[in-house]
Structure formats: structure tokens, C-alpha cells
Amino acid sequence: MASFRWKTFFEEEDRPEKPRRYGVTEMRGPHYSLFSQNLIQDIFDSMGQFVDGLKFAGGSHSLIPKSYIKEVTNLAHKHNVYVSTGDWAEHLQRGGPSAFKDYIEECKELGFDTVEIDAGSLGIPEEILLRYVRLIKTGGLRAKPLFAVKFNKSDIPMSGDRAYGSYVVPAPRTTELVEDVDLLIRRAERCLEAGADMIMIDADDVCRQADSMRADIIAKVIGRLGLEKTMFEVSDPKTSEWFIKQYGPRVNLFVDHSQVMDLECLRGCNLGKDHASVLGSSYYRF
């Protein structure tokens, strides 16, 4: 097995070599600041063993020249790093039914491996969301639906039984958001059944800050969907620390590029006889 100084990847330790099915670290790409190709190269050269995926967050790929995107995706693939789109698919709604198919083809041409679809921002019926997942899979790419724990109140199904095929008057649209973790899980389960490869959980109202973690929601999501099929967005090292403490190094996390090394140190901390905390006891407090 390959080693990286203090780090080794063995199945019986924290997680195996890339490509990994669990313990995935997805890194945020260009979004809030300029992300030059030289910086990406430096990150992959120094920490490539620890980076599983690169995400063009917030639809930033729509503002970047295609030639640059191809250079970045080619560079990522050389380091065995998959490349994911951000939550941009919702902007295709105005383009008609064929727009999403064209988007998938363009993603393939640019070298993307995964297409993320924000289930909340799309504002579409569940069956259309599942159709999008199937279209992505048919196009030869990985599908990664993104779910938030809060839904528009008008999107929550009415309680009570009704005859199959009976007409239900659509609820008027509202701006009120309602927390419904059971609906999140049910829709995520259907997406997985349709072929989705990973479910991304939005940090808002779940895991935005370490001192306000919704441990009940996280436990329920992981318990129903499984650790391997869920990925959580984290905003700071303390939040990563919480996840590693609660669920171990095999949890899938989406972090900023500046947090990759800290996260890897946390994944290997106090695991196995040869591991020692690289961050030090003062950082990793339990």
C-alpha cells in the first residue's frame, strides 16, 4: 500500500486507497475567491492523496471559460480526483425539457464526473427529480441530489389516505419553510432507488456550526440512508471534529480547500497503534 509520510491507507485502518466509497473528502473549488490552476496544482501535489473530489460550488463553472474548466478537470483526473458540478441545474428550468439533457452532455464534454442537483432550489415534483437522476445516470455520470431539512410548506404531502388516482387540489405556493426530516429521508431513499450515487445534506439548520449541531437529524439520516451514501457539508474544522468524533473517519464530508489537511489529521487521529494526533491534544479535545 502507498504511504504518505505518517499516513498509510489500509482497509483495517481509517479507510482504503482511492477511489473510496466511504471516508470521502470532497473539496470546494472556485466560488468565493479566485482559485488559480497553480493553487489547484499545489493542493493536488501536496494533498492529492487526501482529496477524493473537487466541486465547482455555487454554479461557478457557468462563469468560467470552458477551456479553463477542461484544464482543471484533466488535472483532477490525473490525481484520481472526481469533479462535481455545483447547484446550478435549477437555472435550466426556463430552457424547457431538453435543457437538462443538453446540460448533462455539456458536463460530460467538460470532464465532469458528478452532477449535483439541488432538490430544494429546483422546486419540481418528486417524479421529475427522479427523472433527472435517471437522465444523469443514463448519460454516464454520477448523480448527487442535495437536500435541505426544510421544505416549502406547500411541497409537504397532505396527511391521510386517499383513493389512488384521485385528484388533489394543489396547495397554493407559500414562502413558509417547515422542517421535515422524514420527507427528506423518503425523497433521498427514492433518489437512491433511482440510481443516485450520493446524497448531499445541506449544512443550513443541520450542521452549520459546531455549537449548534442537530445530532438528532444527522443520526436519523445516517441511520436510514447509511454512512456510505450520505455526505455532509461542514463549514469549519470544529464541525469536522464533531463528525469524526461521532461517526469516525469513514464519514463523507464536503469542506473548503483550506480544511483538507486538518480533516485528514482528524481522520487519522488516535486510530491504530501507529497513529498519533498530528494536530496535538490541545486541538483535538473530546
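Helices α6 (residues 181-193) and α7 cross at roughly 25 degrees, and their axes come within 10 Å. The angle is under the 35 degree cut-off, so α6 is roughly parallel to α7. This is a predicted model.

**Helix α6 against α7**
- The crossing of these two helices is right-handed.
- From α6, the contact takes in Val 181, Asp 182, Leu 184, Ile 185, Ala 188, Glu 189 and Leu 192.
- These meet Ile 217, Lys 220, Val 221, Arg 224 and Leu 225 of α7.
- By class, the contact of α6 with α7 holds 8 nonpolar and 4 charged residues, with no polar ones.

**Helix α7 against α8**
- Helix α7 spans residues 215-225, and helix α8 spans residues 237-247.
- Their axes lie 13 Å apart, and the packing angle is about 55 degrees.
- Angles from 65 to 115 degrees would count as roughly perpendicular and those under 35 as roughly parallel; α7 and α8 are therefore oblique to each other.
- Here too there is a right-handed crossing, with α7 passing α8.
- On the α7 side, Ala 215, Ile 218, Ala 219 and Ile 222 make the contact.
- On the α8 side, the partners are Trp 242, Phe 243 and Tyr 247.
- The contact of α7 with α8 has 7 nonpolar residues, no polar and no charged.

**Helix α1 against α2**
- Helix α1 covers residues 37-47, and helix α2 covers residues 66-78.
- Their axes come within 11 Å and cross at roughly 5 degrees.
- That angle is under 35 degrees, which means α1 is roughly parallel to α2.
- Gln 37, Ile 40, Gln 41 and Phe 44 are the contact residues of α1.
- Helix α2 contributes Tyr 68, Glu 71, Val 72, Leu 75 and Ala 76.
- The contact of α1 with α2 divides into 6 nonpolar, 2 polar and 1 charged residues.

**The second largest pocket**
- The second largest pocket holds about 340 Å³ of space.
- Its lining has 19 residues.
- Closest to the pocket centre are Arg 20, Arg 21, Val 24, Tyr 82 and Arg 142.
- Strand β7 (residues 142-147) gives the most to the lining, with 3 residues.
- The lining is made up of 10 charged, 7 nonpolar and 2 polar residues.

**Backbone features**
- The peptide bond from Lys 18 to Pro 19 is cis.
- Its omega is near -5 degrees.
- Pro 19 sits in the loop between β2 (7-8) and β3 (25-28).
- Asn 80 is not a glycine, yet its phi is positive, at about 60 degrees.
- The loop that holds Asn 80 runs between α2 and β5 (82-84).

Methods:
Residues are numbered from 1 along each chain as its sequence is written. This is a predicted model: local features need pLDDT of at least 70, side-chain atom pairs count only at pLDDT 80 or more; totals for chains, interfaces and linings use all residues. Side-chain values use heavy atoms; hydrogens and water are left out. On a 1 Å grid over the protein atoms alone, a cavity is a set of points where a 1.4 Å probe fits but cannot get out, and a pocket is an open set with protein on both sides within 12 Å along at least five of seven lines; lining residues have an atom within 4 Å of a point. Grid points are joined across faces, edges and corners, and a volume is the space filled by probe spheres set on the points. Helices (H or I, at least four residues) and strands (E, at least two) are DSSP runs, numbered from the N terminus. Ala, Val, Leu, Ile, Met, Phe, Trp, Tyr, Cys and Pro count as nonpolar, Asp, Glu, Lys and Arg as charged, and the others, Gly among them, as polar. Axes are lines fitted to C-alpha atoms, for helices over the stretch in contact, and angles run from 0 to 180 degrees between N-to-C directions. Angles under 35 degrees count as roughly parallel, over 145 as roughly antiparallel, 65 to 115 as roughly perpendicular and the rest as oblique. A crossing is left-handed if the near helix is turned anticlockwise from the far one by less than a right angle, and right-handed if clockwise. Contact means heavy atoms within 4.5 Å.
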